[in-house]
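Please view the structure below before reading on.

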Amino acid sequence: MHELGIAQNIVDTVLLEMQNRKLPAVSAIALRIGALTDVDPEALVFGFEILSKDTVLRQARLNVERIPVRGVCESCGAPFEVEGYVFVCPGCESRSIKLTSGTELDIAYLEVPD
Amino acid sequence: MTEKVTIEQKVLSENDRLAAELRQKFTRHRVLCLNLVSSPGSGKTSLLEKTLAALNHELKIALVAGDVQTENDARRLERAGGKIVRPIVTGGACHLDARMVAKALEAVPLEGLDILFIENVGNLVCPSSYDLGEDMKVVLISTTEGDDKPLKYPGMFRRSSVMVVNKVDLIGSSEFSLATVRENALTINGQLTVIELSCRSGDGLPAWYGWLRSQVRR
């Protein structure tokens with residue numbers, strides 16, 4: 001259950017950004033979470049709701065975009081989506097795969113009411 | 001109406017920053033740092049006890065032992081001959097983070113050290129997101145667990161460089177198959193180095209020591 005700690009990082013980061021950018025309110029926080037991160041979006045939203053309750057973020061939603069795991073075959077160069085965590089090139093069956101996405105745990109942008 | 005304000009920040013940027021500082025220090029002092037991860041009970045502490053007994057006279061080893069509660073593992077490592085052992089009691093947290101490791105290492109001189117082992121909290125999920133500045137993650141699995149574990153925890157097996165399969169002396173007492181666990185792990189991570197051993201019988205331990213020697217930076 002490390003989602004609570006991650007939720008706290010999100011609250012802290014966004015509050016700091018609001019202060020730095022002089023944003024009075026935030027209505028949504030857009031997150032990108034890779035499928036290889038072992039972060040459960042539901043548990044994250046639950047944690048965020050608890051931790052943001054007493055802050056200016058109490059009205060803010062978390063919008064989570066799940067990022068699929070993608071890789072490039074280092075033998076034949078083919079890019080492909082890694083399905084079911086099988087890191088094997090569908091073209092040449094090489095297991096030498098470079099990850100190109102799937103480990104994201106990013107705050108992409110904030111939605112700010114006009 | 002709303003306006004989008006792009007911020008593009010990593011959620012764990014503070015952890016990553018501290019981990020990068022640690023990595024820089026380890027590199028500067030030519031210390032090999034290994035982050036040991038596994039389920040509870042796979043044998044992380046046993047493997048470190050054996051490693052100390054075998055290599056303490058030729059390599060200078062420091063250890064950080066993380067647990068949710070108790071300093072039992074740290075005490076075991078001291079009894080096994082560990083000269084520099086720092087416990088981290090997380091008090092509930094399911095993983096170590098870079099800040100905890102940096103704090104535990106505050107008074108530890110890195111000069112002259114060959115290997116720093118970080119024994120993470122027994123958990124195959126949460127520690128995978130937290131960089132501790134290590135050179136490599138070493139994931140342990142034991143033959144009393146399921147041989148499908150790599151498929152259940154792909155994040156950790158993908159991020160690890162070495163898989164140690166412990167308790168091979170118990171093979172035959174369960175349905176665990178070495179060939180299956182190897183195949184499952186290599187499907188997730190084709191670059192994984194696989195070392196099979198038993199801390200109890202001693203089988204395979206020389207291969208582990210040999211691998212450690214080959215990775216030491218001096």
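Does A:Cys76 count as buried, partly exposed or exposed? A:Cys76 counts as partly exposed because its relative accessibility is 43%; buried means under 20% relative accessible area, exposed over 50%, and partly exposed in between (1.4 Å probe, protein chains only).

The model is predicted: local features need pLDDT of at least 70, side-chain atom pairs count only at pLDDT 80 or more, and totals for chains, interfaces and linings use all residues. Residues are numbered from 1 along each chain as its sequence is written, chains are lettered from A and ligands numbered from 1 in the order in which they are written, and side-chain values use heavy atoms, with hydrogens and water left out.

**The cysteine cluster**

An unreviewed UniProt entry places the feature "binding site" at A:Cys73, A:Cys76, A:Cys89 and A:Cys92. These residues are spread over 20 residues of sequence, yet they cluster in space, with a largest C-alpha distance of 8.6 Å. UniProt positions follow the numbering used here, feature names are shortened, and annotations may be inferred rather than shown by experiment.

| Residue | Relative accessibility | Class |
|---|---|---|
| A:Cys73 | 1% | buried |
| A:Cys76 | 43% | partly exposed |
| A:Cys89 | 2% | buried |

A:Cys76 lies in the loop between strand S3 (70-73) and strand S4 (79-81) of chain A, whereas A:Cys89 is in the loop between S4 and strand S5 (97-101). Helices (H or I, at least four residues) and strands (E, at least two) are DSSP runs, numbered from the N terminus. Not counting residues up to four places away in sequence, A:Cys76 touches A:Cys89 and A:Cys92; contact means heavy atoms within 4.5 Å. With neighbours within four places likewise left aside, the contacts of A:Cys89 include A:Phe80 and A:Ile97.

A disulfide is a pair of cysteine sulfur atoms within 2.5 Å, and the count over all chains is zero. For A:Cys73, the nearest cysteine sulfur is that of A:Cys92, 3.6 Å away. For A:Cys76, the nearest is that of A:Cys89, at 3.7 Å.

**The interface of chains A and B**

The contact takes 31 residues from chain B and 34 residues from chain A. About 2,900 Å² is buried between the chains, with carbon and sulfur atoms giving 52%; buried area is the accessible area (1.4 Å probe) that two parts lose on being put together, summed over both. B:Ile7, B:Val11 and B:Arg158 supply 23% of the area that chain B buries against chain A, more than any other three residues.

Three salt bridges are counted between the chains, a salt bridge being a side-chain nitrogen of Lys or Arg within 4 Å of a carboxyl oxygen of Asp or Glu. A:Asp106 and B:Lys10 meet in a salt bridge (3.8 Å, N to O).
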